[in-house]
Amino acid sequence: MTSIFNKSNAALDEMARLLEQLPGQDAYTASCAELSNASIGEHTRHVIELYQCLLAGYENGEVNYDARKRNKLYENDKDEAIAAIRAIQQHLGRTDKPLTLICGAEEPTSMASNYNREVLYNLEHCIHHQALIRVALIAS
């Protein structure tokens with residue numbers, strides 16, 4: 001059975017290779033009517049930032065996806081996005097451990113999780129956004 005780390009790395013690799021094949025920044029940043037005017041870059045940034053939240057929260061054992069930075073660089077520069085994806089891939093393979101998942105900013109709530117479960121969540125989330133990016137590519 002293939003590990004969730006291998007599958008996550010494969011999905012991230014597929015995303016990075018797709019970005020490398022785009023004909024330029026305009027294809028990356030163009031809004032797509034079929035995606036409520038979102039761009040491939042916006043969907044890519046969202047995937048990157050959720051993985052980054054997981055990796056950043058690993059050490060202290062708390063992950064809050066709502067606290068992501070929303071870094072416009074990743075949605076406006078495909079080379080920066082590719083570099084961020086490659087950095088995630090290098091740091092993803094960590095030992096499973098308990099995590100506390102924090103949801104919400106104003107009145108947060110929390111629940112128990114673990115690293116492997118959150119890697120799986122991010123994999124599923126990545127695949128979902130890859131499907132949306134495919135819609136954008138077909139529509140263009």
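This is a working chat about a predicted model of one protein chain.

Biologist: What helices and strands does the chain have?

Modeller: This is a predicted model. The chain has 6 helices and 5 strands.

Biologist: In what order do the elements run from the N terminus?

Modeller: They run α-α-β-β-α-β-α-α-β-β-α.

Biologist: What does the radius of gyration say about the chain?

Modeller: The chain has 15 Å. A compact globule with 140 residues would have a value near 14 Å, so the chain agrees with that. Along the principal axes, the C-alpha atoms fill a box of roughly 45 × 40 × 20 Å.

Biologist: How much of the chain is buried?

Modeller: Buried residues make up 41% of the 140 residues. The accessible surface comes to about 7700 Å². Carbon and sulfur atoms hold 50% of that surface.

Biologist: And what share of the contacts links residues 24 or more positions apart?

Modeller: 69%, taken among contacts with a separation of 6 or more.

Biologist: What about charges? How many positive and negative side chains are there?

Modeller: There are 13 positive and 19 negative side chains. The centres of the two sets lie 4 Å apart.

Biologist: On to the sheet. Which strands form it, and in what order?

Modeller: The order is S3-S4-S5. These 3 strands form an open sheet with mixed pairing.

Biologist: Which strands stand at the edges?

Modeller: S3 and S5, the latter spanning 109-114. Each has a single partner strand, so one side of each is left without a neighbour in the sheet.

Biologist: How do S3 and S4 pair?

Modeller: In the parallel sense, over 2 bridges. S4 covers residues 98-103. Take Val-63 as an example: its bridge partner in S4 is Leu-101.

Biologist: And how many bridges join S4 to S5?

Modeller: 6 bridges, and these two strands run antiparallel. Leu-99 has Ser-113 as its bridge partner in S5.

Biologist: What lies between S4 and S5?

Modeller: The two strands form a hairpin, with 5 residues between them. Gly-104 sits in the turn and has a positive phi of about 90°.

Biologist: Which residue has a positive phi although it is not a glycine?

Modeller: Ser-36 is one, with a phi of about 55°. Arg-70 also has a positive phi of about 55° and is not a glycine.

Biologist: Why point those out?

Modeller: Because most residues other than glycine have a negative phi.

Biologist: Where does Ser-36 lie?

Modeller: In the loop between strand S1 (31-32) and strand S2 (38-39). Ser-36 is exposed, because its relative accessible area is 69% and the cut-off for exposed is over 50%.

Biologist: Where is the place of Arg-70?

Modeller: Arg-70 is in the loop between strand S3 (62-63) and helix H4 (72-76). Arg-70 is partly exposed, with a relative accessible area of 41%.

Biologist: What does His-43 touch?

Modeller: Leaving out residues up to four places away in sequence, His-43 touches Leu-35, Ala-38, His-129, Leu-132 and Ile-133.

Biologist: What about Gln-89? Where is that found?

Modeller: In helix H5, residues 78-91. Gln-89 counts as buried at 17% relative accessibility, because buried means under 20%. With residues up to four places away in sequence not counted, Gln-89 touches Asn-9, Leu-12 and Asp-13.

Biologist: Now H6. What can you say about Asn-116 there?

Modeller: Helix H6 spans residues 115-139, and Asn-116 is found in that helix. At 27% relative accessibility, Asn-116 counts as partly exposed. Not counting residues up to four places away in sequence, Asn-116 touches Ile-4, Phe-5 and Asp-96.

Biologist: How far apart are Asn-116 and Ala-33 in space?

Modeller: They are 35 Å apart, C-alpha to C-alpha. In sequence, Asn-116 and Ala-33 are 83 residues apart.

Biologist: And Ser-140 and Ala-33? How far apart are those in space?

Modeller: 9.7 Å, C-alpha to C-alpha. Yet Ser-140 and Ala-33 are 107 residues apart in sequence.

Biologist: Is Ser-140 buried or exposed?

Modeller: Ser-140 counts as exposed, at 76% relative accessibility. Ser-140 is found in the segment after H6.

Notes
Residues are numbered from 1 along each chain as its sequence is written. This is a predicted model: local features need pLDDT of at least 70, side-chain atom pairs count only at pLDDT 80 or more; totals for chains, interfaces and linings use all residues. Side-chain values use heavy atoms; hydrogens and water are left out. Helices (H or I, at least four residues) and strands (E, at least two) are DSSP runs, numbered from the N terminus. The radius of gyration is taken over C-alpha atoms; the globule rule is 2.2 Å times the number of residues to the power 0.38. Buried means under 20% relative accessible area, exposed over 50%, partly exposed in between (1.4 Å probe, protein chains only). Contact means heavy atoms within 4.5 Å. Accessible areas come from the Shrake-Rupley method with a 1.4 Å probe; for residues, only the protein chains shown count as cover. Lys and Arg count as positive and Asp and Glu as negative; His and the chain ends are not counted. The place of a charge is taken as NZ of Lys, CZ of Arg, CG of Asp or CD of Glu. Two strands pair if DSSP finds at least two bridges between them.
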